[in-house]
Amino acid sequence: MLGAPFADALDRIGSRAQDLRDAYRPGATPLHDDVRTGGAAAPSTDPLSATAPPGAWFVVVAAGGERAYTRDGVLHVDDGVLRNADGDAVLGYPDGDARGAVPVPLRVPETDRVLGRAADAVIESDGTVAYTRAAIDPRTGRRRLERVALGRVALARFPAGSAPERVDATHAGAPVGVVPHLGTPGDGTFPPLAPRSRDAGAVDVQTGLQRLNEAYLAFEALGAAQRARFGVERTTLDLVK
Amino acid sequence: MIADATFGPASQGVRALRFAPRASIPLEAACLVANGIRETFRELLGEQCELVLGEPAVLGAAAWTALARDALLFLTRGRQTDIVLVLPERDARRLVLRAFGEGDPLPDAACSALELHALERIAARCAASFEPLCAERRGGARPVRAHEIPPCVAYFDVRVVAPIPLTLGIAIVRDLPDPGPSGALSPRALDGVPLEARAVFAEGVLDAAAFVRLRPGTVVRLDTKVGTPASLNIAGLRVASGAVGVLAARTAFQVKDVALGATP
């Protein structure tokens, strides 16, 4: 049976490995602060992908139904609902204005959802998510493209001195008693989004590998010490016999 | 099955090409229906009505179920197809209140019996503009529930922009007959195509031994009798018969008869 030091050492290996596994998830934050970087925006060809400004978080409804905050801005429309890479519904303002409004999941109108019309949705620097659909003038039969906006995505910022609490690699929660400030990109309280990019995450892979290696070395050292102790005990028993 | 080429979502960088079935509703007929609805609304609301229509689309059973959910349906039977007017409940209430000269509806409020009766009359007036689709109407519009009719196969939405924003849908129960190609290429478009012609005035059979003995001055006796009409061949097919001769400094072929169906 392994002792507590071995279990701790294995946990350390597991958590260091987890940080590395999360390194390529958009907007991921590590378990350990010593492998945390400032984060960077990586270019993307995805028109529904954007990076939130530094210190700002997208607001989502996580799998459990609770509100959460994420830096993951790799979005897609699934069954008419705007979601991020984890499948969380992304909250925003259908009317485009955060003042006096409660953010809700942004949805494609039902008819357009059923007819699959939102395939070319894009996110713009002011957080507007929009797509185009054909509009035909019945008097002339002429087609034109009509822009339909789902709304503007919501952004959250936590008051100075109160960091969001990490839930998992891509989700954070508000600390107890702290209400984040909500708004929209480019509304005067938040800078605009960086469209066609994704948050590359805040995990320093190089440092993470180094720390994982150190964790393995520590485990090896514990094993060596244990083997040495077993050797001494056996020798002692042999002498007693 | 006629299909339209379309492209998938752009999230993966390359938008995959796919073919989607094309709705059997001709755009011209959809425009006529929409114009009729505009006139009906103009008379009903006493104001100019601005609207556009969406691209007609093929519907699957699941899509039809989703569109019919939370909507009032009015069926108009026709010779060519039956038409279902789809009026989302929220828009229906907004329309009837506007017709009554009242303000915006309360959220989630259902239509009263009086309002439903008024909506039936509005639907009946809209049905007059369905002629281009159903060819010959059989009776007026009547309210139905989704389970009382077969799933509709094609649909387009009429989006009213003014005086009140609302969307109503026009669905057809049976596909319309294929009208065929919308335009045919005129035969005159082929006038400039060059055709290689070959005139054959005599034919015969030569055995291999005679073939290898061929020399300048050899006379080959052919099977064709003197006076037999020559043939004019194009692409290996005999298209005319006539006589070969000379015209100015060139050989020529005088057509005596034209083959109605070209023969090999």
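In chain A, 66% of the contacts with a separation of 6 or more involve residues 24 or more positions apart; two residues are in contact if their C-beta atoms, placed from the backbone, lie within 7 Å. For chain B the corresponding share is 56%. The model is predicted: local features need pLDDT of at least 70, side-chain atom pairs count only at pLDDT 80 or more, and totals for chains, interfaces and linings use all residues. Residues are numbered from 1 along each chain as its sequence is written, while chains are lettered from A and ligands numbered from 1 in the order in which they are written.

Secondary structure is given as DSSP runs numbered from the N terminus, helices being H or I with at least four residues and strands E with at least two. Chain A contains three helices and 17 strands. Its radius of gyration (taken over C-alpha atoms) is 25 Å, well over the 18 Å from the globule rule for 241 residues, so chain A is more spread out than a compact globule; the rule is 2.2 Å times the number of residues to the power 0.38. Chain B has six helices and 13 strands. Its radius of gyration is 34 Å, whereas a compact globule of 264 residues would have a value near 18 Å.

A residue is buried if 20 or more other C-beta atoms, placed from the backbone, lie within 10 Å of its own.

| Chain | C-alpha extent | Buried residues |
|---|---|---|
| Chain A | roughly 110 × 35 × 30 Å | 36% of 241 residues |
| Chain B | about 105 × 45 × 35 Å | 26% of 264 residues |

Key:
Buried ≥ 20, exposed ≤ 12 C-beta atoms within 10 Å, placed from the backbone.
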